[in-house]
Amino acid sequence: INWFPGHMHKARKEIKKIMPQMDLIIEVLDARIPFSSENPLVPALRGHTPLLRVLNKRDLADPDVTARWQPWLEQERGVRTIPLTHKKRNEVLDILDLVREMTPDHDRQKSALRVMILGIPNVGKSTLINTLAGRPIAKTGNEPAVTKAQQTIKLPDNILLYDTPGFLWPKLSPEACGYRLAITGAIRSAVLDFEDIALFEADYLLEAYPEQVQARYGLDELPADGLALMDAIALKRRFLGRRGRPDLHKVAEVLLNEFRSGTLGRISLETPEMIEQEMRDHEEQT
Ligand code: GDP
């Protein structure tokens with residue numbers, strides 16, 4: 001499926017042009033989907049430029065899983081990670097210390113440190129920039145962003161931040177990555193059906209977080225699969241449509257909203273082990 005055909009070529013060209021001039025790259029990832037929210041261009045194009053991967057929204061992610069992601073992501077040369085939440089200002093400001101540590105040879109008296117920041121829509125990039133800058137600069141909101149103009153922002157300690165709104169290039173293969181991006185709300189695509197997205201979530205929740213789901217929806221028994229879970233929620237909440245049939249659209253809304261708001265608890269949608277397995281399967285298929 002071709003999701004953002006126009007964006008892609010423009011993005012690659014821009015990223016290729018700007019990246020070599022940067023002293024450091026900050027990529028904001030969603031801690032619940034560190035792999036799926038990664039921009040696949042970054043590892044390929046950054047060369048020797050150090051890369052700081054921010055695992056944002058850690059307050060919504062499973063802390064044990066986030067702790068497993070950190071060493072996995074740091075295997076690549078020149079990569080450091082930091083989990084954080086916008087609710088803790090000091091955690092966000094810790095980024096500045098890490099940036100200093102990662103660029104020991106740069107003399108900021110002589111020249112500004114050029115830092116590129118990127119991240120998929122709705123990952124929390126604007127919120128982060130505003131906290132770092134100590135003033136509202138970037139627009140925030142809960143809607144996936146449309147392309148804004150590129151801007152540079154002056155931060156303390158002679159850091160020049162290059163915001164890159166054009167680089168919206170989510171990872172859509174393996175196929176499961178697209179579903180996880182949709183579950184978090186990063187992509188609102190007509191390509192994936194709303195109820196299918198919720199079904200993917202339901203299947204995963206049953207496998208990875210059965211107790212949490214059972215408790216949240218007050219289920220006496222654990223349903224056999226995602227569809228059975230959706231039916232059970234419909235019955236429990238009386239989401240019934242014509243002739244008493246389960247209203248799966250309403251259930252889908254509840255499942256997605258309660259995941260996104262954290263009402264379901266702290267849940268990660270992927271682990272390093274899952275991704276490794278999916279990559280192997282994907283390679284065998286292609
Ligand atoms: P952008 O599109 O990447 O610039 O994302 P925004 O900064 O506009 O944030 C998107 C949404 O995510 C907003 O509703 C933010 O309040 C929310 N958000 C940002 N950071 C966090 C975080 O660490 N935890 C939680 N729970 N929500 C966050």
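Tryptophan 69 and tryptophan 72 both sit in helix α3 (residues 63-73), three residues apart, about one turn of the helix. Helices here are DSSP runs of H or I with at least four residues, numbered from the N terminus. The model is predicted: local features need pLDDT of at least 70, side-chain atom pairs count only at pLDDT 80 or more, and totals for chains, interfaces and linings use all residues. Residues are numbered from 1 along each chain as its sequence is written, and side-chain values use heavy atoms, with hydrogens and water left out.

**Aromatic residues**
- The structure holds four aromatic pairs. Rings of Phe, Tyr and Trp (its six-membered ring) pair if their centres lie within 6.5 Å; planes under 30 degrees apart count as stacked, over 60 as edge-to-face and the rest as tilted.
- One of the pairs joins tryptophan 69 and tryptophan 72 edge-to-face, at 5.2 Å centre to centre and 90° between the planes.
- Tryptophan 69 counts as buried because its relative accessibility is 0%. Tryptophan 72 is partly exposed, with a relative accessible area of 23%. Buried means under 20% relative accessible area, exposed over 50%, and partly exposed in between (1.4 Å probe, protein chains only).
- Tyrosine 204 and tyrosine 209 also pair edge-to-face, at 6.3 Å centre to centre and 65° between the planes.
- Phe35, Trp69 and Trp72 make up one aromatic cluster.

**Ligand site**
- The ligand is surrounded by 17 residues; the closest are Asp59, Asn122, Lys125, Ser126 and Thr127.
- Helix α5 (residues 125-133) gives the largest share of the shell, three residues.
- A polar side-chain atom of serine 126 lies 2.3 Å from a ligand oxygen atom. For lysine 57 the corresponding distance is 3.2 Å. For threonine 85 it is 3.4 Å.
- Taken alone, the ligand exposes 590 Å², and the protein buries 85% of that. Accessible areas come from the Shrake-Rupley method with a 1.4 Å probe.

**Helix α4**
- Helix α4 (residues 89-102) has 14 residues, so at 1.5 Å a residue it should span 20 Å; its end C-alpha atoms are 21 Å apart, which agrees. The expected span is 1.5 Å times one less than the number of residues.
- The buried residues of α4 are Glu91, Val92, Ile95, Leu96, Leu98, Val99 and Met102.

Terms used
Near = heavy atom within 4 Å. Polar contact = N/O pair within 3.5 Å; in protein donor to acceptor, adjacent residues only side chain to side chain. Helix = DSSP H or I, 4+ residues; strand = E, 2+ residues; numbered from the N terminus.
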